[in-house]
Amino acid sequence: MFSESSSDKLNFDFQHLTGIVVSLKCGETTLEDVNYSVSEIIQLAKTLGVTIENKFIQHRKFIDSAYYIGQGKLEEIRCYMIENNIDILIFDNELSGIQERNIEKFVGKPILDRTAIILNIFKKRAKSNEAKLQVELAALEYQMPRLRNMWTHFSRSEGVVGIRGGEGEKQLELDKRMIKNRITAITKRLEKIDTQMKTRRKKRSYSRNVSLAGYTNAGKTSLMNLLSKKTLFAENMMFSTIDSTVRKVYINDDLSILLNDTVGFINKLPCSLVASFKSTLDEILGADLILHVIDISSEFAQEHINSVEQILREIGADHIPIIKVYNKADLLDGIIENGMHISPDDILISTYTKQGIETLKERIHQFFLPDNEFNQ
Ligand SMILES: Nc1nc2c(ncn2[C@@H]2O[C@H](COP(=O)(O)OP(=O)(O)OP(=O)(O)O)[C@@H](O)[C@H]2O)c(=O)[nH]1
Ligand SMILES: [Mg+2]
């Protein structure tokens, strides 16, 4: 069923596949953290069309450098996959190229790690030229140390490529060089785009800039659509937005702002993506105010807040004033079941029922008054 094409983990056809998820609880990580992360990878896999049949969490003191988890556990997983006719094995962490190769050999089925899953989603969603280049760059950085895996796979498949020994090594070197050249070319083009974006941001610095930020699927684009009375793509799926969009929004007769909707965040967002999406994420840095949109109905709302705050710190946006906007109030039935505490500084809204929208506009208006508390 899996031909040579499936060896390219970043052009994978996931539709109608069954999979299982594997995670490791080791070191300081709590079981809650692991469960949160596993539930997230299951959602991500579903977004790609994979049906997750089961999950395996191993408790271990250390990560195994060769197989990531213990070989005993891996044998149990291998048998489970055969008995239940499972197509792919998904790891909820980034694996090294060697680990991936070893596990694939052991299990005999395609292995995808968390980064490969996220890159596949980003690849599907990227629309603008810039987003496509950013995803391609992250994908090339990811592929570079894994090239050898592709060639071992090719040489194993019958009569497909027919490359052996020294010939394979030569091809590997050629591929490496090609990828390096492409990385250099994309980096140059992205630097150019980054300069253009900086110039545009500078021009906008005379306006009042507000940026939406938040976990993927929290409702950022829905809020943007509601406030700007325009329709951007908002879907019940992870990472429906990859590109940044800026719209002029009239808050009231006295105030208009430029509102920026951007890519959603996620726990353990791969470093290569953060790096290549720098210029998109930098759009947030031009904001006077950040609206941190949170799905209050999610059982993981607090974890989502922590992930978003960490990424904001990483990109150097933690000095920008933030209003927490808890969305999807319509799903609460008046009771907050996940134990979240909404402080008087936060706002509870629903983009569906429009609850809280006027309060939000009022708060944005107050923020831009010359004597607002943030400016003191
Ligand atoms: N029940 C409910 N659903 C909402 C509300 N606001 C948005 N949604 C739904 O939540 C899903 C995600 O909304 P988006 O606006 O695409 O979320 P996003 O934060 O832009 O997501 P990404 O672009 O993936 O980061 C969609 O199915 C929306 O219809 C709300 O107030 N209540
Ligand atoms: Mg969106």
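Helices and strands are here DSSP runs, helices of at least four residues and strands of at least two, numbered from the N terminus. The model described is a predicted one.

**His292 and strand S8**

His292 lies in strand S8, which spans residues 289-295. With 22 other C-beta atoms within 10 Å, His292 is buried, because a residue counts as buried when 20 or more such atoms lie within that distance. Once neighbours within four places in sequence are set aside, the contacts of His292 are Ala213, Gly214, Val308, Ile322, Lys324 and Val325.

**Helix packing**

| Helix pair | Angle | Axis separation |
|---|---|---|
| H1 (residues 31-47) and H4 (residues 114-125) | about 40° | 10 Å |
| H4 and H5 (residues 129-143) | about 155° | 10 Å |
| H2 (residues 71-83) and H3 | roughly 50° | within 9 Å |

The pairing of H1 with H4 is considered to begin with. Their axes meet at an angle of about 40°, and the two helices are therefore oblique to each other. Their crossing is left-handed. On the H1 side the contact is formed by Ile41, Leu44, Ala45 and Thr47, and on the H4 side by Arg114, Ile117, Ile118 and Ile121. By class, the residues of this contact of H1 with H4 comprise 6 nonpolar, 1 polar and 1 charged.

H4 also packs against H5, at an angle of about 155°. Angles over 145 degrees count as roughly antiparallel, so H4 and H5 are assigned that relation to each other. The crossing of H4 and H5 is left-handed. From H4, the residues Thr115, Leu119, Phe122 and Lys123 meet Val135, Ala138, Ala139 and Tyr142 of H5. The contact of H4 with H5 consists of 6 nonpolar, 1 polar and 1 charged residues.

For H2 and H3, the axes cross at roughly 50° and come within 9 Å. This angle makes H2 oblique to H3. The crossing in which H2 passes H3 is right-handed. H2 contributes Leu74, Ile77, Arg78 and Met81 to the contact, while H3 contributes Ile103, Phe106 and Val107. The contact of H2 with H3 divides into 6 nonpolar residues, no polar ones and 1 charged.

**Burial in helix H3**

Helix H3 covers residues 97-107, and its buried residues are Gln99, Glu100, Asn102, Ile103 and Val107. Of these, Ile103 and Val107 also take part in the contact with H2. Just after H3, Gly108 adopts a positive phi of about 75°.

The shell around ligand 1 contains 23 residues, of which Thr221, Ala234, Asn236, Thr241 and Gly264 come nearest. Helix H8 (residues 220-228) supplies the largest share of this shell, with 3 residues. Sorted by class, the residues around ligand 1 are 6 nonpolar, 13 polar and 4 charged.

Terms used
Residues are numbered from 1 along each chain as its sequence is written. Chains are lettered from A and ligands numbered from 1 in the order in which they are written. This is a predicted model: local features need pLDDT of at least 70, side-chain atom pairs count only at pLDDT 80 or more; totals for chains, interfaces and linings use all residues. A residue is near a molecule or strand if its C-beta atom, placed from the backbone, lies within 6 Å of it. Ala, Val, Leu, Ile, Met, Phe, Trp, Tyr, Cys and Pro count as nonpolar, Asp, Glu, Lys and Arg as charged, and the others, Gly among them, as polar. A residue is buried if 20 or more other C-beta atoms lie within 10 Å of its own, exposed if 12 or fewer, and partly exposed in between; C-beta atoms are placed from the backbone. Axes are lines fitted to C-alpha atoms, for helices over the stretch in contact, and angles run from 0 to 180 degrees between N-to-C directions. Angles under 35 degrees count as roughly parallel, over 145 as roughly antiparallel, 65 to 115 as roughly perpendicular and the rest as oblique. A crossing is left-handed if the near helix is turned anticlockwise from the far one by less than a right angle, and right-handed if clockwise. Two residues are in contact if their C-beta atoms, placed from the backbone, lie within 7 Å.
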